[in-house]
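Welcome, and please load the model in your viewer. We will go from stop to stop, with something to select at each one.

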Amino acid sequence: MGAGGTPSARASAPTPTHHPHRHRATALHPGAWWLWALALGTAATRTTNPLLLGLLITVSAYVVITRRPHAPWSRSYGAFVKLALAVLLIRLLFTTLLGSPIPGTHTLLTLPEVPLPDWAQGIRLGGRVTAEGLTFALYDAMKLATLLICVGAANALANPSRLLKSLPGALYEMGVAVVVALTFAPNLIADVHRLRAARRLRGRPDRGVRGLLQVGLPVLEGALERSVALAAAMDARGYGRTAHVPAPVRRTTAALTLGGLLGVCAGMYGLLTAAGGTYGIPVLLAGVAAAVAGLWLGGRRTVRTRYRPDRWDARAWLVTASGATVAALLFLAAARDPAALHPGVIPLTAPTLPLWPAAAVLVGLLPAFVTPAPDPEPVPAKEPS
């Protein structure tokens, strides 16, 4: 055999299928994915129309399917979908067992009612289950389920480690803890799949209590090894070391950050309620400005630098603008035609799809066409015979 190997061996050698440095340079900023997904979730809070909510879920699912990279952390979308389905089922179950405040005339079934003491007035167990009460619970639960699915889309599209690099310096340590928590479960699941596949190849059991016990110890050992390696890497990178900042600057930073977060909470509450529509936006903008100023001052304590930071380019602006457009148009639709976005259940009628709010939701598909496609999943090379 020559130095270069046989022709068959050279032909079966693995060939690179993607270039990580090129993909990093063309990948979208992770913050844009989060802003797009949160804007879709905000739009979902303005309607209880199941057709519009289903359209929002379809838009987010299509973007995830077409632009989700092949990475362990990107497989979390299915878990959020299952969580959303669990929310729907739990809400319907509670409505069936505990009743609903919505009166109805269409009785579906009557459960045995449990008598309760006088101090539990307003609460009942069992009794009539009406179609109006179940429909109201379904509409309300779909709103929360859509919000959870939009958050799952952000988790599946945004690289958590790259998102950590883009955080302000004041949030770096908290961001590291969040990223470690988010990546722990995918790595653990990948270890379980890898060990079960290895046991199947060796003809050993991988199911049942015996298989679980024999797989659990190597998984625990791998988790401990990753923890030690992570601690060493964090210490080598100076995690937790801060610069000296004067006491007045620290107090000003704390006051601005706390006041800004309270302002954001009050502004969001005003936007989500009908009574706070007049003060919601000004309080929200003031809170965001104060929080940004506090985070900028807090970043002076961090002495770290960034290596090849992600660029916020025109595509990131387009993705963010598409989500913000959906949210803004549904806010406008909720103010102009609330009956179309909040179908009534008394009397019980079938919901209709309003045309221009549905067209506004379709604007959220823009990231599927302006962002780069993910690299194809690498195919493992075959061993030369």
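Is Ser76 buried or exposed? Keep that in mind while you set up the view. This is a predicted model, in which local features need pLDDT of at least 70 and side-chain atom pairs count only at pLDDT 80 or more, while totals for chains, interfaces and linings use all residues. Residues are numbered from 1 along each chain as its sequence is written, and side-chain values use heavy atoms, with hydrogens and water left out.

**Stop 1: Ser76.** Select Ser76, in the loop between α4 and α5. Ser76 counts as buried, because its relative accessibility is 18% (buried means under 20% relative accessible area, exposed over 50%, partly exposed in between, with a 1.4 Å probe and protein chains only). Now show Gly152, Asn155 and Ala156: Ser76 is in contact with these residues, leaving aside neighbours within four places in sequence (contact means heavy atoms within 4.5 Å).

**Stop 2: α4 and α6.** Next, select helix α4 (residues 50-67) and helix α6 (residues 131-157); helices are DSSP runs of H or I with at least four residues, numbered from the N terminus. Their axes come within 10 Å and cross at roughly 15 degrees (axes are lines fitted to C-alpha atoms over the stretch in contact, and angles run from 0 to 180 degrees between N-to-C directions). The two helices, α4 and α6, are therefore roughly parallel (angles under 35 degrees count as roughly parallel, over 145 as roughly antiparallel). Among the residues making the contact are Leu53, Ile57 and Val64 of α4, and Met142, Ile149 and Ala153 of α6.

**Stop 3: α3 against α4.** Show side chains: Trp33, Trp36, Leu40, Ala43 and Ala44 in α3 meet Leu53, Leu56, Ser60, Val63 and Arg67 in α4.

Stop 4: Arg91 lies in helix α5 (residues 77-98) and Asp140 in α6, 49 residues apart. Arg91 is partly exposed, at 27% relative accessible area, and Asp140 is partly exposed at 29%. The whole structure has two salt bridges; for another, go to Arg315 and Asp313, with their closest N and O atoms 2.9 Å apart.

Notes
Salt bridge = Lys/Arg side-chain N within 4 Å of Asp/Glu carboxyl O. Parallel < 35°, antiparallel > 145°, perpendicular 65-115°, else oblique.
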